[in-house]
Amino acid sequence: MDHLLEVKDLEVKFALRMGDLTAINGVSFTLDRSERLGLVGESGAGKSVTGFSIINLISKPGYISGGSVIFEGRDLTRLTNEGMRHIRGNLISMIFQDPMMTLNPVLTIGTQMVETLQAHMDISRKEAEDISLEKLRKVHIPSPEKRLQQYPHEFSGGMRQRIVVAIALLTDPALVIADEPTTALDVTIQAEIMELLLELCESEGTGLILITHDLAVVSQVTQKIAVMYAGKIVEAGQTEDIIDNPRHPYTQGLIKAIPDGRNPGARLNQIPGTMPSLIDIPPGCSFHPRCMIRGDICRHESPALKNIHGYRSMAACHMLDTAEKQAGANVTK
Amino acid sequence: MFAFAVRRITQAIIVMLVIGLLGFSIKQKIGDPVRDIVGVSVSVAERDALREELGLNDPFLAQYVRFIKNAVHGDLGMSFFFKRPTLEVILSKAPATLELVFASSLIIILLSIPLGIYTAINPRNLPSRIIMGGSIVGVSIPVFLTAIILIYIFAVELHWLPSYGRGETVNVWGWESGFLTLDGLKHLILPSIALSSIMLPLFIRLIRSEMMETLETEYVKFAWAKGLSRRRIWFLHAFKNTLLPVITVGGVQLGILIAYTILTETVFQWQGMGFMFLEAVERSDTSLLVAYIIVVGALFVVVNTIVDLIYGLVNPTIRITGRK
């Protein structure tokens, strides 16, 4: 049982004037070496906060209030700032959502790459530039020698995200956390970047946590999925199990909401209602106000994430028997 | 860069023409060149003849063009009081003012950058609160009051520093400098602190707010995620971006400092252009007033143009547009 990353009962709170708000409530998952996990859910589910809390970089006033993040045997939540600095960008790197905003506009690409290497390794500028050039070639940036001298505004959005990917992979990290890496890009470029990321993670044996609301992307890239809702994981398991046979009514709703192109013009299935805000998360199962199969117990008792008899994936739902029947009904239909 | 520079310089020339028009209009309305030349004991007929000879009965536009022509050649008229060309009078006073402005700018730059960065990084701790509170006090007290308080404390009560004048100066190629003698530097301390007292708090606040905004950006967050040192993130990633808006606003503000010298110089009897200006007002020396306005306007325009060119050097986006 030697996981690359083990997140256990992670709890993140935001200290506000009116009191602490719980943004992440008991999230647990594991990731092995070279394994790829998708964190899926609507906006506000806590996916990004989970991602940022792994490298302890939640924006203020957020803080980790409980649980542990064990990475290569060390609990990252207990590291000092300096200890954490050696992890960030070195062993665990991040890719952000909007490549137009991620790169510093007044520094050249070369500076932004070299500084990352020099922050973690004792190497000369020349050596660092050589590594940078090699990584730029890997993300298919043409004439990288010239590009190294240029500023971010001289690149297109897709190019910039390639550069961000190259920066993330500079130090050959064991884990990359990609927070919606393609959301801000054109559809055609999205596929390119995703393919590039997958290809590089596979060839370098890099672990990946892909944070996204796009189930279609996740299904092509990751081996495992964790579906989040209102700060909790509501379903987790192997990608094919969850895509083909979702158990939790929320996951089922998400999958049904994907346009499949078979019935052009047909109305898309959507989950009624919206994600509750952190201020008034409903008691019991936080999904129950939007749930089609809720029972009485859902109003009072929060369901635990547990194995379901006869299935490989785990889900947090009191009404799983009913959910099972529904899933069966969908398959026969 | 060349096209950018040409555009900026053209704009500067247009601004100077407008300043010239304003100065000239003041001269037309208030001043009487004939009085400047001849005094009281000359008959009305003689005055009219002189008026005609000087072209003072020509149309406004013709006179304006002549005024600009003369100004370009460095002739801004004669001072009624000094009986010398106004430009010469002003230039003899300029070193005092420029040294004062320079010393104040130095104080402002050297203090506002570290204090602005410090209060942006630690927005809520006690030293920051004290700095921010103090800066409000600084902005609210008028320059002349600050100057009088400084004189009272350091000159009258403590006898540490002289209360007026420039002290001993050294003439370096026609430039009367107080920088080179200990006495001159001592005399410079209080006036330059008084002059910087208004702008310093503004600059601290400006740098702090710009820096705080920059610290919230995605690229700074990404810099943290790259595992860079705090120092590099604060002083390179965040500060370099903070600098852009600060340079723009800062250039204009440093120009305004020249205007504030009128008050400071008067309180400290500092023999500079500002002191001269108030004296000229008292003596109704219109030519000298107008010449002052034009010289200060020109200084302003030059400072702003230089600031814009520096901005172009710091901001890569502008540099590229200029190159094409």
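Which residues of β9(A) are buried on one side and which on the other? In this predicted model, where local features need pLDDT of at least 70, side-chain atom pairs count only at pLDDT 80 or more, and totals for chains, interfaces and linings use all residues, K224(A), A226(A) and M228(A) are buried on one side, and I225(A), V227(A) and Y229(A) on the other. Residues are numbered from 1 along each chain as its sequence is written, while chains are lettered from A and ligands numbered from 1 in the order in which they are written.

**Strand β9 of chain A**
- All six residues of β9(A) (224-229) are buried, that is, 20 or more other C-beta atoms, placed from the backbone, lie within 10 Å of their own.
- Strands here are DSSP runs of E of at least two residues, and helices are runs of H or I of at least four, numbered from the N terminus.
- β9(A) pairs with β3(A) (36-40) in the parallel sense over four bridges, pairing requiring at least two DSSP bridges; I225(A) is the bridge partner of G38(A).
- β9(A) and β10(A) pair in the antiparallel sense over six bridges, and A236(A) is the bridge partner of A226(A).
- Two residues separate the strands of this hairpin, in which A230(A) takes a positive phi near 50 degrees.

**The sheet**
- The open, mixed sheet of eight strands in chain A runs β6-β7-β8-β3-β9-β10-β12-β11.
- β6(A) (92-95) and β11(A) (306-307) are the edges, each with a single partner strand, so one side of each lacks a neighbour in the sheet.

**Contact between chains**
- The contact takes 17 residues from chain B and 24 residues from chain A, with C-beta atoms, placed from the backbone, within 7 Å.
- α9(B) gives the most to the side of chain B that touches chain A, with five residues.

Conventions:
Contact = placed C-beta atoms within 7 Å. Buried ≥ 20, exposed ≤ 12 C-beta atoms within 10 Å, placed from the backbone.
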